[in-house]
Amino acid sequence: MTKTSVAVALLFALSSAAACSDQRTTSESVASTKSPIQGGTNDTGHPFAVGICLEASDLSQCENGTSGVCSGALIAPNLIVTARHCVQDTGPDTIDCATSVFGAQRPGNIYVTTKPVFTATSDTDWHQISAIDVPTPTAVCGNDIALITLADNVAATEAVPIIPVVQYKMSDHTRYSLRETAIGFGATGAVPQGQNPPGPGTRRILQNIQIICDANDPTTALGCQGAFDSGVASLNEFFTGDGTCEGDSGSSAYDQKNFDDGIYYSFGVLSRGGDNTASGGTMCQGGIYTRLDAWRDLIVQTVTTAAAAGGYPIPSWTAPPVVVPDAGPAPVPGTGQLGDGCSGDPDCASLICRSSTCTQKCDDTNTCPDGYDCTGGFCIATPAPPDTGA
């Protein structure tokens, strides 16, 4: 969601966080969109889309609406993927890809819930965290991803993890589409900085959002290559249409094709966006996501460590992509006929050489010519009768 041609705001709903949302009266920093899945509906059916309570002194702030809000997705029983700006400071409210960098970890506690509404939770509905892993580069654009390891496993009866798109590229359209579903805990509209955004802290869903540009995808790259060339975004990012707002930071873009079939793949995490509040509007506009396939190594390494701590098998999506070998061009049949000598299959018109002799397949319906017997499925010359000396 671009705010200007170069600087865009994060969608964090907290004091000056990016793409998140602060349920208090604070400025909205790195995410200039200040609303939750705009135009969407309340969602209770996808608990893998988690809510993240930020900068809280204790759980009461999460439950009474006085904490910061971000969103995320459960990718393993004790592992959440979200936006890095939700957990680390970014400085100014708007992001300039040329200068914006991540700073210190945000103060306060972080809690995660699979419940659909923050204020409808009790203390037992929140999971505490044990570790946070982020990329080594500190530039905000392209590196806005964080992996939060929980102190306990989320039971399968509570939420089933989704699949991050890291085994194959999101531009593989034999597997994935160019539309996505957004699910997050953000606000429902945009307001000028310093005002409270409406409604963060409730999970909402909006489907069939267009993926507008991915510089790594020939299908969409031509229309917006200038945005990457001019430094508005990183090659580790992609653009989508409207729908997400402040507080949706860290929420996933779920491939629509598989989502329709009840299979949940995440392309990336929401980093930042724009709005039209400068002209008196209340609309959040667009979304810029950090690609998960750009951070395959970090994600696989972190889930491997998390799996050891949680006592569960490493997920199958950590395996390298399955590559079907190229069989090469079909062999060209030779000229050898049945009974001719040969040194290999290519010498024979039938492409079958057995015992240095060209042969052909046979069965009950495909019989062999005179002088040949069908033996073991191949035409073999009928042996000469034994010489009796008569």
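This is a predicted model: local features need pLDDT of at least 70, side-chain atom pairs count only at pLDDT 80 or more; totals for chains, interfaces and linings use all residues.
I started with contacts (heavy atoms within 4.5 Å): among those in the protein chain between residues at least 6 apart in sequence, 65% join residues at least 24 apart.

Residues are numbered from 1 along each chain as its sequence is written, and side-chain values use heavy atoms, with hydrogens and water left out.

Next I looked up burial, meaning under 20% relative accessible area with a 1.4 Å probe, protein chains only. Of the 390 residues in the protein chain, 53% count as buried.

For secondary structure I took DSSP runs (helices H or I, at least four residues; strands E, at least two), numbered from the N terminus. The protein chain has four helices and 21 strands.

Then I went to the nonpolar cores, sets of buried Ala, Val, Leu, Ile, Met, Phe, Trp, Tyr and Cys residues joined through side-chain atoms within 4.5 Å. The largest has 41 residues, and Tyr254 is one of those touching the most other members, as are Ile52 and Ile75. Strand E4 (49-56), strand E5 (68-76) and helix H4 (296-310) are among the elements that each supply at least two residues of this core. A second, separate core holds 13 residues, including Phe238 and Phe267.

I stayed with tyrosine 254: beyond its neighbours within four places in sequence, its contacts include Phe48, Arg179, Glu180 and Tyr265.

My last stop was the hairpin of E20 and E21, with two residues between the strands, where glycine 376 takes a positive phi near 65°. Threonine 375 stands opposite phenylalanine 378 in E21.

Methods: Buried means under 20% relative accessible area, exposed over 50%, partly exposed in between (1.4 Å probe, protein chains only). Two strands pair if DSSP finds at least two bridges between them.
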